[in-house]
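Subject: Structure handover

Hello,

Here is the structure I said I would pass on. My notes on it follow below.

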Amino acid sequence: MLNLKLNKSTVKNILKGINSKSNIRIMEVCGTHTMAIARAGIKQLLPPNIELISGPGCPVCVTAQEDIERIFLLARKPEVIITTFGDMLRVPGSTGSLQEMQAEGADVRIVYSPLDAVNLARNNPKKEIIFLAVGFETTTPTVALALEDAYKTGVDNFSIVCMHKLVIPALKALLSDEETEIHGFLLPGHVSTIIGTIPYEFIPREYQRACVVSGFEPGDILESILLISRQLENADYKVENQYKRGVKTEGNKIALEIMDKYFAPFNSLWRGMGEIKESGLKLRPEYVQYDAILKFGLEDALVQLAPTGCICGNILKGILKPEECALFSKMCTPAFPVGPCMVSSEGACAASYYYAGGEVIGR
Amino acid sequence: MQLVIIMRGVKLLADEKILLSHGAGGLKTQRLIREVFQKNLGNAYLQQELDSALIKFSPHKMAFTTDSYVVSPIFFPGGDIGKLSVCGTVNDLAVMGAKPLYLTLGLILEEGLPVEELDKLMFSLGNTAREAGVQIVAGDTKVVEYGACDKIFINTAGIGIVPPNLDLRPQRMAPGDKIIVSGPVGNHGIAILAARENLDFSPPLASDCTYLNYLIEGILNTGASIKCMRDPTRGGLATTLNELAQQASLGIKLHEEALPVQPQVKGACSMLGLDPLYLANEGKVIIVVANKDARQVLEEIRKYDIGKNASIIGEVTDAHCSTVVMETELGTLRVLRMLEGDPLPRIC
């Protein structure tokens, strides 16, 4: 592995190795990669024939608008305290955002771990503490741990809005979509610490695409791009693990087991991408008492969606870029967002908004 | 004999909680003033107990500023709301080149605040004021119902005297000027967040909350050609530099490898998805200085304990006007925009 402390000369050396002449489109699946690439300005370093495109790996961005609207219905109830990671706070809905509802009196609190939400439930027995459970396989195990804590200690005023998603079904949906043109995948390092590298093997086998599980430092990402370009040049498609310091082939068994204990896959709705088979997680029947939507009878709540002109779906699938959206940086900015991709710290639109200026000035 | 009866009949003030009547202007108010405020902040001006302080006026230019403090929690590693409310206002005066002299103190207290906590805060406030060489010359206290504010809100206004012929404005910036920051950035924002959310970092992260007036006096006394100064509080270094670039209609180019950020702040930020360049500081100053004098100013700042990690972080340019750009360690360029939204409310 490369020395991760990069400077201008080591960067030059890596770039020398990326000497493929054909056009290569590489998708970074994970939102954390999108942000790291944008922040380090990696696109400025790459030759013009190598294109990086963002994928569907920002958990807040792929949350269906219907789910977001249901959260707002919950937040309006006076007996409810909503707990969430900070990213959800400014996600816009038809009636504003959680942050705006906070100003109107809704009790919304940022937590850094779902276990904090269980503690809050313990300390506020007269309130219902609802945790907004978004995220891929990286965060789901910690939510399962919180459920286990609540279950074992008999905390019954804690529930979750379960919006967890799975990475593999989304990749399958992308690969079977004829509109998407991707030659290689920069696979998510954090998710892979949980699921390992084996679940990705269908990608080179069935679809002949290059795959590298990558870390998050600029050096990791550049090295992974180099590995992908080599796979493509030699037509030697496989799953390579660049992030060996974090990812084992078999993943994290304990985390997978506890996830499986509390959650089961179901056909889930993704923002802008529609329903994807077995791509989401819901609570298993023996734990549905922790489902906030069922608890408050909102499963059939009619949710009105106003058309916004936001092209999130095509951005999440890597078909269009944020700059190609008519709303981008005009109607839609981090301060006045139209879609969640502009507010999330892993969103492709936010990454372009904050960091794309460097490419223009550097040109 | 009478004395003993009084001692038995009246509870010690320090054991009490603030009540609405403490702000009613009657005997309780008077007792609070004498036993908490006079004790901790007392000086000749306050002892006069007049409706306003009467101060001698200098013929020089006067700097006059005000700031309100609502930080939560009110005690945090490296400081408290009392210390902060002196440092913040002193620094706003100092970066204009003024010698800070007098402060006023407005308090809004929540019913139920333990007097012991108020006493602690006033002790810290009084100490900081003495160390910074300023006097609290007038004050006011109001008490609001439980729930109408959060423990204590403080306003301080401050007056300072500006030496003659000193002209510090962003409009004086010119291409080629160097930009210096007096030390590592982001500590206050992270320390407040950690204290509020009970995040344990080891070693614990402390706020950089401090007064900068002596350091700044030292800088000005070098005779260097200082163009302007500003303290990067809310919005952090990146937002403050954007303000300067916009007001000067010039560009600013930073060098990532020169930016001082403590490793534990960097680590906490990457864990929490924050950027230290956008986090508040409460004891740092940005100095824009003519290129020829930059080294001399840097050496002067490094003589002070609070400036020992100062660094020249970039320069003013006439390229990319009104925009702040950072050259990353990889040699790429990153635009640093103004802060949008509010990652951390109530940090000061």
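This is a predicted model: local features need pLDDT of at least 70, side-chain atom pairs count only at pLDDT 80 or more; totals for chains, interfaces and linings use all residues.

The strands under discussion belong to an open sheet of four strands in chain B, ordered β1-β6-β4-β5, with mixed pairing. At its edges are β1 (61–69) and β5 (135–144) of chain B, each of which pairs on one side only. From one strand to the next, the twist averages 10°.

Within the sheet, β4 (residues 99–110) and β6 (residues 152–162) of chain B run antiparallel and are joined by 10 bridges. B:K99 has B:I161, in β6(B), as its bridge partner.

Now to chain A. Its division is into domain 1 (21–310) and domain 2 (312–357). The C-alpha centres of these two domains of chain A are 18 Å apart. Where they meet, 32 residues of domain 1 of chain A are in contact with 24 residues of domain 2 of chain A.

On the domain 1 side of that contact in chain A, α2 (31–40), β2 (50–57) and α4 (59–62) each supply at least two residues. The largest share, six residues, comes from α2(A). Sorted by class, the side of domain 1 of chain A that touches domain 2 of chain A has 15 nonpolar, 11 polar and six charged residues.

Regards

Terms used
Residues are numbered from 1 along each chain as its sequence is written. Chains are lettered from A and ligands numbered from 1 in the order in which they are written. Two strands pair if DSSP finds at least two bridges between them. Axes are lines fitted to C-alpha atoms, for helices over the stretch in contact, and angles run from 0 to 180 degrees between N-to-C directions. Domain bounds come from an automatic or database domain assignment. Two residues are in contact if their C-beta atoms, placed from the backbone, lie within 7 Å. Ala, Val, Leu, Ile, Met, Phe, Trp, Tyr, Cys and Pro count as nonpolar, Asp, Glu, Lys and Arg as charged, and the others, Gly among them, as polar.
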